[in-house]
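User: I would like a close look at a single part of this structure. Please keep the answer plain, and connect the details as you go.

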Amino acid sequence: MSSVNLRISGPTPLPPRVREALRQDMVSHRSGGFRALVEEVVAGLAPAFGGPAAVLPFTCSGTGGLEAAVVNVLRPGQQVIVMSTGYFGRRLAEIAESAGLRIDVVESPWGKAAAPDDLRAALCRSIDVAAVLLTHNETSTGVLNPLAQLCDVVHQHSNALVVADVVSSLGATPVRMADWGVDVAVGVTQKALMAPPGLALIGVGQRALDAAAANPRRRYYFDFGRMAEAVAEGTTTYTPAIPVFYGLQESLRLIAEEGWSAVMARHQALAQMCRAGLASLGVELLADPAHASPTVTSLALPCATSAPVVREKLAAEHNVLVASGRGCWKERVLRIGHMGHVGAEEVADAVDALGAVLRKEVRHAR
Ligand SMILES: *Cc1c(COP(=O)(O)O)cnc(C)c1O
């Protein structure tokens, strides 16, 4: 194994072939070569999104992509529902609020999934809900929300658009935009897709493109319509993060070679292995087992320890980098990422290292 076992929830390690691809020199983003690259990448991403009308690669992080989604399909004063299941759900609510929307935030306790019944109740108590914003995989708690069922509820009770944060699920677990009726799905390069950070990958359906075209709210850099036209011509509206495109092209080739369904099965198996390993250490798993994430696992440490201390020891003594809890989970919680370029060896190493650190820490505390 390489010297550091990077088990945070993103950015994730790069496969050697992706690192090699990053060494390529720059090209013009208005050239035939770049056109072929854009076409390959956009076609390569389509299976991950499950039939979007278009895939729009904006040069920005995932949060920029979420803001882009909101300002394209919604305008100030409109009513939205935000299904919040943790830190990233709250961020979605903040983005909606900053865009001048009227927001109804439906919060689930951390560790629990968004409940379809809560969403139904929210839809029934408000009139003219323009959109429902939700997080597919809540990275702060390690919960995979039941996106298909939540979409069903939206479409049964309203004409609202569905805007989904698929940042930490895209490429690791199915997202079926067409089947489920997801109008905008915002992903990134640097999590399950094994490429460097730098691009928000936004899957958009026709309803979202129409909503953006009809939206009087002005956008410039983040305009969906102009980006969709540019992508159809094999380019982007402005100078993109070209090296990230190189990396993504190679990582998508790797995924195609392994096969999308094999990649998703690997994520499921590693997540299960991680949870079983942690359970055998006697630490508490925080996600509702029925909705445990395929890409990140959250755990509560014994009271005799603190998350920052354990995290530091894992890094210093075992070269294992894990993520701490977010928000109110900072002191007691650790999160282990298992998405992208990762196998059983790395997951086992992280669990073993945690076991070793905990044995020492708990003994000291006695
Ligand atoms: C990582 C993450 C984000 C933020 O992505 P950035 O690229 O850091 O802006 C948003 N939502 C979820 C669910 C994430 O896991």
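Which residues does Ser298 touch, not counting residues up to four places away in sequence?

Analyst: This is a predicted model. Leaving aside residues up to four places away in sequence, Ser298 touches Thr141, Gly142, Glu284, Leu285, Leu286, Ala287, Trp329, Val333, Leu334 and Arg335.

Start with where the residue sits. Ser298 is part of strand β12. Its relative accessible area is 2%, so Ser298 is buried, because buried means under 20% relative accessible area. A polar atom of the Ser298 side chain lies 2.6 Å from the backbone oxygen of Thr141. In this pair, Ser298 contributes a side-chain atom and Thr141 contributes a backbone atom.

Next, consider Thr297. Thr297 also has its place in strand β12, which covers residues 296–300. The relative accessibility of Thr297 is 5%, so Thr297 counts as buried. With residues up to four places away in sequence again left out, Thr297 touches Ala271, Cys274, Arg275, Leu278, Leu285, Leu334, Arg335, Ile336 and His338.

Arg335 shows how sequence and space can be set side by side. Thr297 and Arg335 are 38 residues apart in sequence, and their C-alpha atoms are 5.5 Å apart in space. For His338, the contact with Thr297 is a polar one between the two side chains, at 2.7 Å. Thr297 therefore counts as buried at 5% relative accessibility, and its side chain has a polar contact with the side chain of His338.

The ligand gives another set of polar pairs to look at. It is surrounded by 13 residues, and the closest are Ser61, Thr63, Thr139, Asp165 and Lys191. Ser61 has a polar side-chain atom 2.6 Å from an oxygen atom of the ligand. For Thr63, a polar side-chain atom is likewise 2.6 Å from a ligand oxygen atom. Lys191 places a polar side-chain atom 2.7 Å from an oxygen atom of the ligand. Taken alone, the ligand exposes 390 Å², and the protein buries 88% of that. The ligand sits in the largest pocket. Two or more residues of the shell around the ligand come from each of the elements α3 (62–73) and α4 (87–98).

Finally, some backbone details in loops. Met194 is not a glycine, yet it has a positive phi of about 65°. Met194 lies in the loop between β9 (184–188) and β10 (199–204). Its relative accessibility is 5%, so Met194 counts as buried. Asn319 is not a glycine either, and it has a positive phi of about 60°. The loop that holds Asn319 runs between α12 (307–318) and β13 (320–324). At 36% relative accessibility, Asn319 counts as partly exposed. Gly10 and Pro11 are joined by a cis peptide bond, with omega about 0°, and Pro11 has its place in the loop between β1 (5–7) and α1 (16–21).

Terms used:
Residues numbered from 1 in each chain as written. Predicted model: local features only at pLDDT ≥ 70, side-chain atom pairs only at ≥ 80, totals over all residues. Heavy atoms only, no water. Helix = DSSP H or I, 4+ residues; strand = E, 2+ residues; numbered from the N terminus. Buried < 20%, exposed > 50% of the residue type's maximum accessible area, 1.4 Å probe, protein only. Contact = heavy atoms within 4.5 Å. Polar contact = N/O pair within 3.5 Å; in protein donor to acceptor, adjacent residues only side chain to side chain. Near = heavy atom within 4 Å. Areas by Shrake-Rupley, 256 points an atom, 1.4 Å probe, with all protein chains shown as cover. 1 Å grid on protein atoms, 1.4 Å probe; cavity = no way out; pocket = protein on both sides within 12 Å on 5 of 7 lines; lining within 4 Å. Sits in = over half its atoms within 2 Å of the grid points.
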